[in-house]
Amino acid sequence: MFFETAAYAQAAAGAAPQTAMGSLMSFMPIILMVVIFYFLLIRPQQKRQKQHAVMLEALKAGDTVLTNAGMIGTIYSIDGNVMVIDLGSTKVRMFKTAIADKLDPATYNTVTDTAVKENK
């Protein structure tokens, strides 16, 4: 029994007390990873979400849009969060959140004209 107590006492005496700075240094890799994730993943995503929200608020009738489903159409009318999109031969009602991007008509027309010519 005496030898067991002496062994525990030696183990406790041999261990150096950990300081506050030592504790902080042990968490430094985790803190560094969180900072890297913030600047590489979280911050750019928040910036894209803000830009998308601004774009959705600026939409008006006559704008050419790309939907999340890949359909390209022209906004016919907007009523709150629901809009009617003209797809050429049909009109579809969609929520504003289903819009992926607003297309520039000049760029869109040159791309589609080129695609039509290549298919002929």
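Helices (H or I, at least four residues) and strands (E, at least two) are taken here as DSSP runs, numbered from the N terminus. The model is predicted, so local features need pLDDT of at least 70 and side-chain atom pairs count only at pLDDT 80 or more, while totals for chains, interfaces and linings use all residues. Residues are numbered from 1 along each chain as its sequence is written, and side-chain values use heavy atoms, with hydrogens and water left out.

**Whole chain.** Start with the protein chain coloured by element: three helices and five strands are present, and from the N terminus on they run α-α-β-β-β-β-β-α. Switching to a surface view, the accessible surface comes to about 9600 Å², of which 64% belongs to carbon and sulfur atoms (Shrake-Rupley method with a 1.4 Å probe; for residues, only the protein chains shown count as cover). Of the 120 residues, 13% count as buried, where buried means under 20% relative accessible area, exposed over 50%, and partly exposed in between (1.4 Å probe, protein chains only).

**The sheet.** Select the five strands next, which form an open, antiparallel sheet in the order β4-β3-β2-β1-β5; two strands pair if DSSP finds at least two bridges between them. β4 (91-95) and β5 (99-103) stand at the edges with a single partner strand each, so one side of each has no neighbour in the sheet. Zoom in on β1 and β5, which are antiparallel and joined by four bridges; in this pair, Thr64 has Leu103 of β5 as its bridge partner.

Now select Thr67, which is found in strand β1 and counts as buried at 3% relative accessibility. Leaving aside neighbours within four places in sequence, Thr67 is in contact (heavy atoms within 4.5 Å) with Ile85, Met94, Ala98, Ile99 and Ala100. Move on to Ala69, in the loop between β1 (64-67) and β2 (72-79); Ala69 is exposed, with a relative accessible area of 63%. The C-alpha atoms of Ala69 and Ile99, 30 residues apart along the chain, are separated by 8.7 Å.

Centre on Met83, which, not counting residues up to four places away in sequence, touches Leu59, Ile75, Ser77, Ile78, Val92, Arg93, Met94, Lys96 and Ile99.
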